[in-house]
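Please open the model in your viewer and keep the sequence panel beside it.

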Amino acid sequence: MALVNENFLQLTENYLFADIAKKVNAYKVLHPRQKVISLGIGDVTQPLCPSVIKAMHKAVDEMANADTFKGYGPEHGYAFLREAILKHDFHPRGIRFDPSEIFINDGAKSDLGNIGDILRWDNLVAVTDPVYPVYVDSNAMAGRAGINRDGQWSDITYLPTTAENDFCPELPDHGVDVIYLCYPNNPTGTVLTKAQLEKWVKYALKQEAIILYDAAYEAYIQEPDIPHSIYEIRGARKCAIEFHSYSKTAGFTGVRCGYTVVPKELIATSMRGQSVALNHLWERRQSTKFNGTSYISQRAAEAIYTPQGQSEIRATIAYYMENAKIMRETLQEIGFKVYGGVNAPYLWVRTPHHADSWAFFEELLYAAGVVCTPGEGFGPSGKEYVRLTAFCDRQDCLEAMSRIRNMVSQTHHKAAQATEKEE
Ligand SMILES: *Cc1c(COP(=O)(O)O)cnc(C)c1O
């Protein structure tokens with residue numbers, strides 16, 4: 001008799017975006033003429049840049065010819081891409097890696113979800129709250145999360161990040177072994193300074209813990225002194241694995257490519273006290289369970305690093321960040337407390353009057369025809385926030401802001417007065 005992995009039975013269904021879609025559809029049935037503007041889903045909207053398209057066409061043509069056809073590629077990824085990564089993402093920041101420390105992935109989510117394969121089931125895991133759900137659910141599937149009570153796991157350490165602590169998580173009051181950090185952050189759009197990240201690296205080194213650092217939004221950083229890579233912090237190569245993705249950097253959500261850095265110096269310990277290099281374990285895991293990212297996707301990623309490719313992706317990022325700026329300035333002007341949106345394409349907006357995030361979601365939908373994501377969907381610390389994304393067309397962004405402005409001027413409980421009273 002086949003038995004299931006019981007850990008899956010404790011997972012709550014992933015209803016967030018389905019629930020949003022249901023509510024939006026109900027609204028559309030009642031208001032068939034109103035155009036609904038979605039600032040909800042965290043997916044890019046602008047097409048791939050010309051350099052990437054050209055590289056993909058060329059790669060397809062190579063596949064059409066027996067002399068240049070590519071079958072299985074190296075599990076680590078093609079050397080041309082790993083060299084480009086080292087040269088462009090790390091050397092300019094004074095960081096040296098060997099190509100064998102770079103693993104090309106098919107998007108960061110797979111590796112973020114799979115990395116637990118090489119870590120024992122009883123490591124203590126810490127995540128920030130609110131959180132990107134992959135970190136929690138993948139640990140729950142491995143039996144590392146304990147018991148689920150109302151969506152909170154008994155063995156996960158939640159580190160609240162809210163306006164009250166300036167979105168900088170405090171060190172846990174007990175030892176943890178594995179820490180997920182994501183900066184710039186999804187969903188809050190906030191960042192850590194070098195000094196703030198240093199605190200975590202120090203903690204991990206002292207604790208012999210591992211930081212799993214999600215740098216998916218690194219390309220959106222605009223301000224100086226915000227680390228683009230955790231390896232800018234001294235000692236991080238002894239305690240951190242870093243995940244990169246071209247999804248948000250270059251619109252690759254449908255192309256699938258990124259990379260993971262597992263430094264050779266990163267060591268974990270066996271129960272018998274033996275030191276084990278995680279680079280080797282990950283290589284072993286990948287060569288068994290992964291057959292590589294498509295050649296076409298890897299050539300597409302390589303094209304991002306050409307001068308032309310760089311200028312094209314920077315233009316798209318600048319476009320999204322201009323949306324973020326418009327949104328931030330409008331919402332602040334009409335009295336909302338807004339976080340993020342400076343070094344990330346997400347805005348984390350405090351609901352007026354401590355409104356519940358689902359209630360405010362409905363208000364925005366019904367009074368403005370604008371869709372956001374209720375913060376509660378990312379964890380209990382999100383229950384008085386909503387997330388807005390800047391991954392939209394400019395026209396939609398402007399229209400959404402003008403509708404929210406009207407909504408606020410028409411409602412008696414002006415957001416402005418609400419937030420002033422809170423202080
Ligand atoms: C979008 C995103 C990723 C990237 O996912 P891919 O699998 O590379 O598309 C990783 N982490 C976070 C927090 C994200 O929002």
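Begin by selecting Phe167, which is found in the loop between E6 and E7; helices (H or I, at least four residues) and strands (E, at least two) are DSSP runs, numbered from the N terminus. Before you go on, note that this is a predicted model, in which local features need pLDDT of at least 70 and side-chain atom pairs count only at pLDDT 80 or more, while totals for chains, interfaces and linings use all residues. Residues are numbered from 1 along each chain as its sequence is written, and side-chain values use heavy atoms, with hydrogens and water left out.

Phe167 has a positive phi of about 60°, although it is not a glycine. Is Phe167 buried or exposed? Its relative accessibility is 2%, so Phe167 counts as buried, where buried means under 20% relative accessible area, exposed means over 50%, and partly exposed lies in between (1.4 Å probe, protein chains only).

Select His353 next, in the loop between strand E14 (346-350) and H11. His353 also is not a glycine and has a positive phi, of about 55°, but at 41% relative accessibility His353 counts as partly exposed.

Now turn to two prolines. Pro130, in the loop between E3 and H5, is joined to Asp129 by a cis peptide bond with an omega of about 5°. Pro187, in the loop between E7 and helix H6 (194-207), is joined to Asn186 by a cis peptide bond with an omega of about 15°. As background for this stop, most residues other than glycine have a negative phi, and most peptide bonds are trans.

**Second stop: two helices**

Select residues 133-141, which form helix H5, and colour Val134, Tyr135, Val136, Ser138, Asn139 and Ala140, which are buried. What do the buried residues of H5 pack against? Their partners are helix H4 (108-114) and the strands E3 (125-129), E5 (152-153), E6 (156-160), E7 (178-182) and E8 (210-214), where contact means heavy atoms within 4.5 Å. After H5 comes Gly143, whose phi is positive, near 80°.

Move on to helix H12 (residues 394-410), whose 17 residues reach 24 Å from the first C-alpha to the last, close to the 24 Å expected at 1.5 Å a residue; the expected span is 1.5 Å times one less than the number of residues. In H12 the buried residues are Asp396, Cys397, Ala400, Met401, Arg403, Ile404, Met407 and Val408. They cover an arc of only 165° around the axis, which puts them on the same side of H12, the arc being that of the directions from the helix axis to the C-beta atoms. Gln395 and Gln410, on the other side of H12, are exposed.

**Third stop: the nonpolar cores**

A nonpolar core is a set of buried Ala, Val, Leu, Ile, Met, Phe, Trp, Tyr and Cys residues joined through side-chain atoms within 4.5 Å. Select Phe90, Ile211, Tyr246 and Phe252, which touch the most other members of the largest core, a set of 51 residues. Helix H3 (residues 79-90) gives the largest share of this core, six residues. If you centre the view on Tyr246 and leave aside neighbours within four places in sequence, its contacts include Leu81, Ile85, Phe252, Tyr259 and Tyr305. A second, separate core of 48 residues includes Tyr346, Trp348, Phe361 and Tyr385.

Select Thr389 in strand E17 (residues 385-389), which counts as buried at 1% relative accessibility. A polar atom of the Thr389 side chain lies 3.1 Å from the backbone nitrogen of Phe391; a polar contact is a pair of N or O atoms within 3.5 Å, and within protein one must be able to donate a hydrogen and the other to accept it, while residues adjacent in sequence count only if both atoms are side-chain atoms. Not counting residues up to four places away in sequence, Thr389 touches Leu39, Gly40, Ile41, Gly42, Met327, Pro345 and Tyr346.

**Last stop: the ligand**

Finally, select the ligand and the 14 residues around it, of which Asp214, Tyr217, Ser245, Ser247 and Lys248 come nearest; a residue is near a molecule if one of its heavy atoms lies within 4 Å of it. An N or O atom in the side chain of Ser245 is 2.6 Å from an oxygen atom of the ligand. A backbone N or O atom of Lys109 lies 2.9 Å from a ligand oxygen atom, and for a polar side-chain atom of Lys248 the distance to an oxygen atom of the ligand is 3.3 Å.
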